[in-house]
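Take the structure one chain at a time. Start with the overall order of elements, then follow the sheets and the helix packing.

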Number of protein chains: 2
Amino acid sequence: MTTADPAGSSRDLPHPVREEIRLESVLHALSDPMRLRIVRELAAVGDELSCSHFDLPVTKSTTTHHFRVLRESGVIRQVYRGTAKMNALRGADLDALFPGFLDSVLAAIERQGERLGEPRRPAG
Amino acid sequence: MTTADPAGSSRDLPHPVREEIRLESVLHALSDPMRLRIVRELAAVGDELSCSHFDLPVTKSTTTHHFRVLRESGVIRQVYRGTAKMNALRGADLDALFPGFLDSVLAAIERQGERLGEPRRPAG
DNA sequence: GTCAAACTACGAGAGATGTCGAACAATCCT
DNA sequence: AGGATTGTTCGACATCTCTCGTAGTTTGAC
C-alpha cells in the first residue's frame, strides 16, 4: 500500500484490549531473558524506545519475534513512527488489571541483577 | 529400599536453595494454567497439601510433571509423608528474594478469576 | 526515482513443553 | 505376605519456542 492514510501511520498492529490481557500470557512473556531485558530497559527509561535502540545478542528477526510476544501478551504497546517502531510498557493497563504486579516484577529483576553480579553491558 | 532411614522419609527430592532461584524460572513455572491453579490453592489453604488433594483435569503423570516444574523452579517445597507427597509454597524464600512478587501474583490470579466468571469447580 | 534504514515474513531446524498410557516403586494397613 | 493407595518413570507424540538466514516491504532522505 502506498496510498495516503488519514491518521498518521499506515501500518496498524494488533493489540489485546485491556480486558483481554491474561495473566498466564503476561507471565509467559516475561519468562524469557531477552524479553525481561527489554522490559527492564523500557521501565528504566520510562518512555518509548525504538526496537533498534536495544542491543540484544540475537538477530533482528529474533528481536522482532520477542517484541511481538510482548505486544500480543499485552505487556507493551507498539506503534510505527516513520521507519521506526516505538515500544512502550502498558503500565497503566497492567496496573489496573494486576495492581502492584509489574512493579514487583521490575523490582525483582533489578534485585536479581544486583544479586548476580550484573554482567554490565558494554557502554554504547 | 526397605532399610530404615534415620531422619524420617527415605526419598529425598532436589530443591534449589534460595539463592539459586531464578526469576525467569519462577515466571515460567507460573505461566501454566494448571500450575497457577495449584499455586492458587496452596496459597488459599495456607498449608501443605498432598498431590492427590488436587483435582486437576489431567492424568497423574502430567500432574507429577507440573509439581516437578514448580519444585525445580523454587516455587514449592515437596516432602514425602508416607505414601503421600506434601506440597507447600516457598513463600518465605520467594518473598526474601522478590519482595511482594508472590502476593501480587496471587492477588492477580484471584482478580482475574473473578473478572472472568470463575468456572467454579464441582464441590468435592 | 533511487538509496539507505528499520522492520517483517517465511521457511527451517534444534530443543523444550504438555499430554497421555502402561508399567513400576514405595508406603501403609490388615 | 497381600492388597490398596500414591506417586514415578519411560517412551511417544503433537505442538510450541527460540533461533537463524534470506528475501521483501515501508518509510524517509537525497
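Helices (H or I, at least four residues) and strands (E, at least two) are DSSP runs, numbered from the N terminus. This is a predicted model: local features need pLDDT of at least 70, side-chain atom pairs count only at pLDDT 80 or more, and totals for chains, interfaces and linings use all residues. Residues are numbered from 1 along each chain as its sequence is written, chains are lettered from A and ligands numbered from 1 in the order in which they are written, and side-chain values use heavy atoms, with hydrogens and water left out.

Chain A has 124 residues, and 41% of them count as buried. Buried means under 20% relative accessible area, exposed over 50%, and partly exposed in between (1.4 Å probe, protein chains only). Look also at the contacts in chain A with a separation of 6 or more: residues 24 or more positions apart account for 66% of them. Contact means heavy atoms within 4.5 Å.

Now the sheet of chain A. Its three strands form an open sheet in the order 1-3-2, with antiparallel pairing. Strand 1 (49-50) and strand 2 (76-81) of chain A are the edges; each has a single partner strand, so one side of each is left without a neighbour in the sheet. Two strands pair if DSSP finds at least two bridges between them. Strands of a sheet pair through backbone hydrogen bonds, either parallel or antiparallel. In chain A, two bridges join strand 1 to strand 3 (residues 84-89), and these strands run antiparallel. Within this pairing, A:S50 stands opposite A:M86 in strand 3 of chain A. Helix 3 of chain A packs on the sheet and touches strand 2 and strand 3 of chain A. Its direction makes about 120° with that of strand 2 of chain A.

Which residues of helix 2 of chain A meet helix 3 of chain A? First, the geometry. The axes of helix 2 (residues 33-45) and helix 3 (residues 60-73) of chain A come within 10 Å and cross at roughly 70°. Axes are lines fitted to C-alpha atoms, for helices over the stretch in contact, and angles run from 0 to 180 degrees between N-to-C directions. From helix 2 of chain A come A:M34, A:R35, A:I38 and A:V39; they meet A:H65, A:H66, A:F67, A:V69 and A:L70 in helix 3 of chain A. By class, this contact of helix 2 with helix 3 of chain A has six nonpolar, two polar and one charged residues. Ala, Val, Leu, Ile, Met, Phe, Trp, Tyr, Cys and Pro count as nonpolar, Asp, Glu, Lys and Arg as charged, and the others, Gly among them, as polar.

Helix 1 (residues 23-30) of chain A is mostly covered, with six of its eight residues buried. They are A:L23, A:E24, A:V26, A:L27, A:A29 and A:L30. In helix 4 (residues 91-97) of chain A, find A:L97. A:L97 counts as buried because its relative accessibility is 6%. Leaving aside neighbours within four places in sequence, A:L97 is in contact with A:R18, A:I21, B:R111 and B:R115.

Turn to chain B. An open sheet of three strands has the order 1-3-2 here, with antiparallel pairing. Strand 1 (residues 49-50) and strand 3 (residues 84-89) of chain B pair over two bridges, and B:L49 stands opposite B:N87. Strand 2 (residues 76-81) of chain B pairs with strand 3 of chain B over six bridges. Here B:I76 has B:L89 as its bridge partner, and B:Q78 has B:N87. Two residues lie between the strands of this hairpin, where B:G82 takes a positive phi near 70°.

Helix 2 (residues 33-45) of chain B lies across strand 1, strand 2 and strand 3 of chain B, at about 80° to strand 3.
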